Each structure stands twice: as C-alpha cells, then as structure tokens.
Amino acid sequence: RVCLRRHDPAMRFLTGDDTGIIKWVRMEAQKVERFPGPRRRGDPVERFCWLGPVDARESRVAIAHASGIVEARQVSNGEVLGTYHASPSVRCLLRYCGGLLVVAKDGKAAILKDWCAEAFPAPLDEPVEEVGIESGGGADADGTDTAGITEGGEAVGAEEGAKATPRWAADVFELPAPVADAKLEPIEGSHRLAFGGDGNNLKIYDLAKHDIVWKARNLRENFLCLRVPNRVATIQWATPVAASRSLILVGTTDGKIRLYDANLQRKALFEMKIGHKRDLGTSGWTGVADDIPRPVSCSTVAMSANGKWSMFVANTMGVMREYELRNLPTCKPAKWAPGKKRHLDEAADALPFKRGYRGIMGSIRALDVHHSGACFAAVGLGRFAYVFETRAKKMVSKIFLKQKLCSVLMSEEAYTHARKSNDSEEDGDITGDEEDFKKVKPQDQEDSDGELAVEDDVQEGFSSENAEGDEASVGEDDACSVTGDEAPDGKAPKKRRKASSKGRRSKGSTSAREGGAGVSSGGTKRVRKGKAAPARKRAKKAA
C-alpha cells in the first residue's frame, strides 16, 4: 500500500529495509518500485552512496549490507558491477579521491580504487569461492554452484562461506575499534576522517599519512568525582559553517551533543543536553513531556531552505529536531563545568533550537537532506518514509513501505514545492482525506436495500453512554431558562434539573452567571450570602 498526499514534489529517493529489499519512491508519479536486479534476502541494507563519475553521479550506486558485502550496481538496470567483502556492520560508505571508502564497526577499513571513475574497473582476479549466497543446494552440470540463488536471480544466503581474497585494488588499513560512525571532512582536497564509538572517544585519522593526527580528551569528572563516559553515536563536520575552524558535532547515546574544535583544544567546547529548554520532547507512550535521555540515532549537517546551515538530529523515539548553527563561527569554550545548569544554558545559547518535526512514528534510523536544502526524508522502524519541507516544517508525504527501514538516499533531481491548499498538515497523508467522505450528501448514499442512508451527525470528542439523557436535560433547561420579567404563559418557570454531567454547564447556569450569581464548576447555581439571585426575585414578582 502506498500512502501519498495529493500534492507531491517531483523527486525520488532510495530506501533499504531489514529484509534486503531496495525500493524507489517516485514522488512525481506517486509510485513505489522495486530496485531492479538481484537482492540478498534477509541481509539488511545499511548504507547507500552514489558511485557514478562527477558528471553522472547517479548512474551507479554503492550498497552496503549488514553482512559486510558492498555491491556496486548500475542504476538503470540493477546490474551488479562488483562485490567487495568487508567486515560486518559497515559504518561509513563515502566517495574519496575517485574511490570508495568503506569502514566497518570493528575498525577494518579499505579504499576501493577507481570505483567512482568514468569506467568501472575490472577485478584483479576471480574469487576462489562465492561468499554470502550459500544456503544449501547443488550444482549445474558444468560445475556452477547454484546454492542460495532463486529462479528470479535473488541471493538468499543467510550463511556465509569462507572469505575470498580481495578482488579489487584496495588500500586496506585499520582504525581503533569500535566505530559507531565515521565522516570525511567536507572540504575539497581534505584527507581527514573523524571517527569514534562507544567507549572510543573522537579521533581524526589522516588518510594520506595513515596515522591518527588528533585525539579528543574526555570531559572533567562530574560532581560525584566519576568519569564521564564517551558514548559516541553520530559524527558530523561543521567546517562549511566556519572555514577557519575545524568544528565537529558529536551526538551521543545518552542524549547529548558535543562540539569540538580541533584547531583550538582537545576537550569539547561544550556539551548540550537535548531537551534542556525549548526542545523538550514528548513520550511515545504517554504523550507527556519526556525528560529521559534518548539515544541519538542519526544526524546530519546541511543547508536549509533559507540558505542557513542547520543540524538535524533524530532519536530512537521518533523525535526530529533542527538546530541553528549561526553562532558556531564565534563560539567560545564554556566557562562553567559540564553538567551544571549554567553550562547547559551556555550550550543552548550557542546551539539554539529552531524547530521540531511532528508526525513521525517509531525509531528513526536514517535521514537525508536534499542538496537544495528544501526538504529531507526520514525512515525508521515505523515502516513509513516521511518527507518534510524545511521552510515550514510541513510534512509533504508519508509513504508506507511494509518493512522496517534502515537507510535512505535522496536523488539530486529538482525539487518542486507543493502547491498551496487549504488542507492542514495532517489531512490526507495516509489513506486519503476523511473530508471527502463527509462532503458526500446523504441523498447520494444508498443502502444495499436501495433505501437512502442517513448520515450520522457525530460531534467531535468522546461519546457518552448517557448521551440521550443529557440531550433531554438540556432541552428542559432551554425551555425553563427565561430571564425576563414574565414567563410566556404567565406562570412561574419550572424548577431546573441538575445537570447530569459535572464538566458541562447548562444554559440556565450561564443565564444565572450573567444575572450576577456565582456559578460552581458542576454547573449548578450558588447563591451568595445575604443576597438573592435576581432571577429568583423576578420569578417571585411574576407569581
């Protein structure tokens, strides 16, 4: 089932799920298509990267699976151009100097040479044994192994065989483990790679020198004289914001954001607690304010629609936040110790909260911003892909994709803003507009017997078991709520009945309030001491 809004931009993006399926989401045609070519069933897709040459970046794509298999595919027909066997859980898949940089969780990394060249390189030698497609089977008459490949050409391997020798020209090296995230500095000609993980503090590795050139120091001990743990989850360079500084933003699994300046000092400039002031999120179960630290699952630094740089941060509860980076060029180290309220206030001023994005269900696992900064896509365990506009935090589309999503990659096609409509942000984003059914007249709806169906007049809110009794009491109140000098029939008005609902005021209590008597919360009249209600005085005169 595909759930799209009626006004969608001309744009498309790739999504990968935990079953190994890759899909194209085409916004202009409002279609979801399976990516052509074979797939590895049961092997989650964790990373994407455009692999084509500079003039045609989107002609090829690199796909990293959870088993460590990295494939280079042709976008037009899905043909597998090459396969590289890395370590499981690839944490970095980026273009670097005409090649492809691959970094795994255990720290083993490689640079596959010429994978981004005009012509895809040929392998150095044929592998001894095919890896990752063994699940029992046999062989053809010519000796070709057919185990693990379905009739449709799908690789279904869940059991991995012996690793083959590298087929491609690659520069292999190793980083200190574990590695939760790794990012290249987004400056042309730079060779610096920032990486870190749980218990592995932030470091910078020079790919040209093959050595670690910078190490971050831990924060000072807390007020209990305990060591502050290093729980690096995401890493983002903020160098485009301030070219003269080497700023790095780090998201942690305990719900914090640290800012480092490699040119100034080794300690973090400040540590900001997410949800300290304005950016307090809500709980996914209760809907109330949630002050529990939630892990940062993914983040990115990109330019928004207004031309200013922002940091997009998502957590495991489906809360998406955007922070402004306008103060980073002049940011200085915090004067107060980390953990104190004044330190958190300084950090909140240096990294001000801009807005939050509503409507996301489940943990967010990946997000990608359009190159124009006008919109971004977010996917996660809720099985939906969400597209938001950055200029008005408006949800443009919400697409149901059946499986738990792990990765997303947006195309560089031109973004067309959604046309203006009178619908709210939540109207028609799932299975159509409910208002379309309300606009249908009752005489146009027929039952199966051919008789006209009468539309129910349902009011907004919860239904009550004593709805009929309430309507009767309200009707009597309306008949008796005469505040003039004389009733229509010349007799005194009847006694008003007490309202059955405590939280609702009857019309009689409203008229009494207008006459000067006090009104209690239950809707009954309360007479002040020494004074009679004017309505009762007039009723006595009329009698």
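Glu413 is partly exposed, with a relative accessible area of 31%. The scale behind that label is simple: buried is under 20% relative accessible area, exposed is over 50%, and partly exposed lies in between (1.4 Å probe, protein chains only). The partner of Glu413 is Arg12, and the two form a salt bridge with their closest N and O atoms 3.0 Å apart. A salt bridge here is a side-chain nitrogen of Lys or Arg within 4 Å of a carboxyl oxygen of Asp or Glu. The pair ties distant parts of the chain together, 401 residues apart. Arg12 belongs to strand β1 (residues 12-17), while Glu413 sits in the loop between β30 (405-410) and α2 (435-438). Arg12 counts as buried because its relative accessible area is 14%.

This is a predicted model: local features need pLDDT of at least 70, side-chain atom pairs count only at pLDDT 80 or more, and totals for chains, interfaces and linings use all residues. Residues are numbered from 1 along each chain as its sequence is written, and side-chain values use heavy atoms, with hydrogens and water left out.

Now the whole chain. The protein has five helices and 32 strands. Both are DSSP runs numbered from the N terminus: helices are H or I with at least four residues, strands are E with at least two. Of the 543 residues, 46% count as buried. Among contacts with a separation of 6 or more, 53% come from residues 24 or more positions apart. Contact means heavy atoms within 4.5 Å. The protein exposes about 28,800 Å², and carbon and sulfur atoms supply 48% of that area. Accessible areas come from the Shrake-Rupley method with a 1.4 Å probe; for residues, only the protein chains shown count as cover.

Back to the charged pairs. The structure holds 14 salt bridges. One of them joins the side chains of Arg245 and Asp261, at 2.9 Å from N to O. Arg245 lies in the loop between β16 and β17 (247-252), and Asp261 lies in strand β18 (residues 256-261), 16 residues apart. Both Arg245 and Asp261 are buried.

Another salt bridge brings together Lys354 and Glu322, at 3.6 Å from N to O. This one runs from strand β25 (residues 353-357), which holds Lys354, to strand β24 (residues 320-324), which holds Glu322. The two residues are 32 positions apart in the chain. Lys354 is buried at 19% relative accessible area. Glu322 is buried at 0%. Elsewhere, salt bridges with shared partners join Arg40, Glu71 and Arg73 into one network.

Next, a sheet. Four strands form an open antiparallel sheet in the order β8-β9-β10-β11. β8 (90-96) and β11 (170-174) stand at the edges with a single partner strand each, so one side of each has no neighbour in the sheet. Neighbouring strands are turned by 15 degrees against each other on average, direction ignored. Strand β10 (residues 108-112) pairs with β11 in the antiparallel sense over five bridges. Pairing requires at least two DSSP bridges between the strands. Leu112 has Ala170 in β11 as its bridge partner.

Finally, the surface. Phe223, Leu224 and Leu226 make a nonpolar patch of about 380 Å². Leu226 is found in the loop between β15 (211-215) and β16 (232-237). Leu226 counts as partly exposed because its relative accessibility is 46%.

Conventions. Patches are made of residues with over 30% relative accessible area and no salt bridge: like charges are joined within 9 Å, nonpolar side chains (Val, Leu, Ile, Met, Phe, Trp, Tyr) within 5 Å. Axes are lines fitted to C-alpha atoms, for helices over the stretch in contact, and angles run from 0 to 180 degrees between N-to-C directions.
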